[in-house]
Amino acid sequence: MSTNKIVLGTIAGIAAGAIAGILFAPEKGSTTRKQILDKGSDYGKKLKSKLGDSIGSISNKIENAKNKAEGIVDQGKAKFEEIKSETKKATSNIKNDGVSDFKQSRT
C-alpha cells in the first residue's frame, strides 16, 4: 500500500471519528473534545510510526541497490583490467612476431 493512501486514509479516519464523536457524544463538550484530541494524538503517533517504518524500508532498499550497483561496477572494472592486460599481451606478441619475421626475412 502506498504511503499517500495510508496518509489520506488516516486523515479521513481522524476526521470521520471527530465528526461522529461530536454528533453522538453522550458527554459534555469539553470531555468529548479532550477525547477527540487524545484519539487524534494516538492516530498521529501511529501514523508517524508507520511512516518511520516505511522510510526505514525504503532506506534499506536504496542501500541494497547501491551495494549491488557498486558490485557491478567493481566487476566491470575487473573485466576491463583483464581485457586491457590481454590486449597488451596480444599487442606485444604481434610486435615480437613482426620483429622476428622481419629479422628472418633479412637473413
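Which residue forms a salt bridge with Lys79? Keep that in mind; the tour gets there at the last stop.

**Before you click.** You're looking at a predicted model, where local features need pLDDT of at least 70, side-chain atom pairs count only at pLDDT 80 or more, and totals for chains, interfaces and linings use all residues. Residues are numbered from 1 along each chain as its sequence is written, and side-chain values use heavy atoms, with hydrogens and water left out.

**Whole chain.** Switch to cartoon: the protein chain has 2 helices and 0 strands (DSSP runs numbered from the N terminus, H or I of at least four residues for helices, E of at least two for strands). Of its 107 residues, 3% count as buried (buried is under 20% relative accessible area, exposed over 50%, partly exposed in between, with a 1.4 Å probe and protein chains only).

**Largest pocket.** Its volume is about 210 Å³ (a pocket is an open set of points on a 1 Å grid over the protein atoms alone, where a 1.4 Å probe fits, with protein on both sides within 12 Å along at least five of seven lines; lining residues have an atom within 4 Å of a point). The volume is the space filled by probe spheres set on the points. Now select Gly17, Ala18, Gln35, Ile36 and Lys39, the closest to the pocket centre of the 14 lining residues. Helix 1 (3-23) and helix 2 (29-106) each give two or more residues to this lining, and helix 2 has the largest share, with 6.

**Nonpolar patch.** Next, pick Ile19, Leu23 and Phe24, which make a nonpolar surface patch of about 390 Å² (residues with over 30% relative accessible area and no salt bridge, nonpolar side chains being joined within 5 Å). Ile19 sits in helix 1 and is exposed, at 52% relative accessible area.

**Salt bridges.** There are 2 to find (a side-chain nitrogen of Lys or Arg within 4 Å of a carboxyl oxygen of Asp or Glu). Start with Lys34 and Asp38, whose closest N and O atoms are 3.3 Å apart. Both lie in helix 2, 4 residues apart, about one turn. Lys34 is exposed at 51%, while Asp38 is partly exposed at 38%.

Finally, select Lys79: its partner is Glu82, with the closest N and O atoms 3.7 Å apart. The two are 3 residues apart in helix 2, so about one helical turn separates them. Lys79 is partly exposed at 46%, and Glu82 is partly exposed at 39%.

Conventions:
Patch = residues over 30% accessible without salt bridge, like charges linked within 9 Å, V, L, I, M, F, W, Y side chains within 5 Å. Areas by Shrake-Rupley, 256 points an atom, 1.4 Å probe, with all protein chains shown as cover.
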